[in-house]
Amino acid sequence: MSGVNVRLTDGRVLQIDDEPVGTGAEKRVFLTRDRQLAVGFYYGTLSDRRERVDRLTRILTNYNPTLASNGAYWSPYFCWPVGMADGVNAVPQAFAQRQQLVWPPLAVVTPTYRSNFFFHDRFGGRQEKEVRWFTGGKASKFVPQAETGSLLTRLQVAVRLARAVRRLHMAGLAHADLSNKNVLVDPKGGDACIIDIDSLVVPGVAPPAVLGTPGYIAPEVLANKAQPGIATDKHALAVLLYELLLQRHPLQGKRVNSTRSAEEDEQLSMGSHALFIEHPTDRRNPPHSALTVPYTRLGPALAACMTRTFVDGLHAPGTRADAAEWEVALYKTLQRAYPLPSGKWTILGTGLPRATLHGDEHIAGPVLAAQLFRETPQGLVDEQDYFVLFHHLTLHDWHLRMGTLPNEKADRTPRGYVAQHEGKWWLVNTSDTPWDVVDGPRIGRNASVECVPGLTLRIGDELPARVLRIGIL
């Protein structure tokens, strides 16, 4: 296979293979000879060229989170474009004619996907880890068990998706086509990446180029009441998270809204007649099979976001949970994740079963949890939150300090850990911040305290200080 030189607008020259590695609805994609970059050329006709060039220019510059001060942090969350080719000098005309590219050529350059976003299916084929492989549908039958991950790693995937969407929305950008095909996930490693960035909705510059992907298009768009934007991204994100964690689609139930055609039924069922399959009071769209894991089993934080989005906000976009709220709910849920001897994980909490989500393994013995309080001059204030303790749990600032979340601003230095030794539980301080046992000693660096119900620890000397009180779930 011979090579073709591509001249970018920033002056760089890339050498690509002369045959595409794939062809989509709008672009033919070619790999550079070193396989580090992918160059997607528009082919056929392009009626909105000027708009697309302006959109790409802004995505590469003003709206590019990978160029910000913490750009290195955000880079893995997106397959963000790194260049563009535009104009008659971009590639030889003979190459453009042979590949039926638009003329003058226009292309977007992106990094190739990281190796962990590929897997070999049961037939040995190499596949990209699109979300569709991991949501309980027909495609999931071809995924090796080792690639499916655990509840813990899927929660980690969900956090990364919510965090990435939150970053887009903070900049005023909307993806407009979040779907099971435009998100790559690695459930085995807890990783995720948003792709197809070149079609972002840029405020005041670039309207949506597509309506979205069936199953993820917000009801108001299908009902011709709105265009894709941040509010519709909230719906699509919620569908993706629901599918990843519960292995089913939130709106695909038994209800038939039209017998005239499958297309009209789909249009109504996902649009103006959309109804949550787990709606607490309206049972007209029940799931196709009995649910062994209702959405409320994920715990109160995630259940609240799902209720707001699929019950209250399904046809009222302004009430949907936003990406930041999903992110915080997922943090709270991860703090209630608990490992079982088999290697499976579950979510524990008041009123939740002491077993895996599917009830196939139960927890023997007590489980300790740290209830969170805030010490103020007026006394202790219950934060109405807690985290569960287990052997080898690492403690961080978000466990021990007020107002700290495990987001891009967090210091991830370990501050302590939990250990079980000779039948006793211990909290070990590995930080320079003292822990004061109420009515007891001060626990300094590398010191430990036996973790028993009723133990109350004040963390540090600041006010308001975080206070932990150990109890049994």
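**Cavities, sheets and backbone**

Thirteen residues line the largest cavity: the lining has 13 residues, and Ala176, Leu211, Tyr216, Ile217 and Thr232 are those nearest its centre. A cavity is here a set of points, on a 1 Å grid over the protein atoms alone, where a 1.4 Å probe fits but cannot get out, and lining residues have an atom within 4 Å of a point. The model is a predicted one, in which local features need pLDDT of at least 70 and side-chain atom pairs count only at pLDDT 80 or more, while totals for chains, interfaces and linings use all residues. Residues are numbered from 1 along each chain as its sequence is written, and side-chain values use heavy atoms, with hydrogens and water left out.

The volume of the largest cavity is about 70 Å³, where a volume is the space filled by probe spheres set on the grid points, which are joined across faces, edges and corners. Its lining divides into eight nonpolar, three polar and two charged residues; Ala, Val, Leu, Ile, Met, Phe, Trp, Tyr, Cys and Pro count as nonpolar, Asp, Glu, Lys and Arg as charged, and the others, Gly among them, as polar. Helices (H or I, at least four residues) and strands (E, at least two) are DSSP runs, numbered from the N terminus. The lining of the second largest cavity comprises six nonpolar, two polar and two charged residues.

Helix H8 also has a buried side, where buried means under 20% relative accessible area, exposed over 50%, and partly exposed in between (1.4 Å probe, protein chains only). The buried residues in H8 are Ala301, Leu302, Ala303, Cys305, Met306, Thr309, Phe310 and Val311, and they pack against helix H4 (151-170), helix H6 (230-246) and H9, with contact taken as heavy atoms within 4.5 Å. In helix H7 (residues 262-270), Asp265, Leu268, Ser269 and Met270 are buried, and helix H5 (219-222) is included in what covers them.

Taken as a whole, the protein has 10 helices and 23 strands. Its radius of gyration, taken over C-alpha atoms, is 25 Å, close to the 23 Å that the globule rule gives for 473 residues, so the protein is as compact as a globular protein of that length; the rule itself is 2.2 Å times the number of residues to the power 0.38. The C-alpha trace spans about 80 × 55 × 50 Å along its principal axes, and 52% of the 473 residues count as buried. Among contacts between residues at least 6 apart in sequence, 58% join residues at least 24 apart.

Among the strands, S7 (residues 106-111) is mostly covered, with five of its six residues buried. Two strands pair if DSSP finds at least two bridges between them. Strand S5 (residues 37-42) runs antiparallel to S7 and is joined to it by five bridges, with alanine 38 opposite threonine 110, while strand S6 (residues 83-86) is likewise antiparallel to S7, through four bridges, and there alanine 85 has alanine 107 as its bridge partner.

An open sheet is formed by four strands in the order S16-S17-S18-S21, with antiparallel pairing. Strand S16 (394-395) and strand S21 (448-450) stand at the edges, each with a single partner strand, so one side of each is left without a neighbour in the sheet. Within this sheet, strand S17 (residues 416-421) and strand S18 (residues 424-429) pair over six bridges, and valine 418 stands opposite leucine 427.

Some backbone details remain. Most residues other than glycine have a negative phi, and most peptide bonds are trans. A cis peptide bond, with omega about -5°, joins tryptophan 103 and proline 104, and proline 104 is placed in the loop between helix H3 (93-98) and S7. Arginine 35, although not a glycine, has a positive phi of about 65°; this arginine 35 lies in the loop between strand S4 (27-31) and S5 and counts as partly exposed at 41% relative accessibility.

Note on methods. 1 Å grid on protein atoms, 1.4 Å probe; cavity = no way out; pocket = protein on both sides within 12 Å on 5 of 7 lines; lining within 4 Å.
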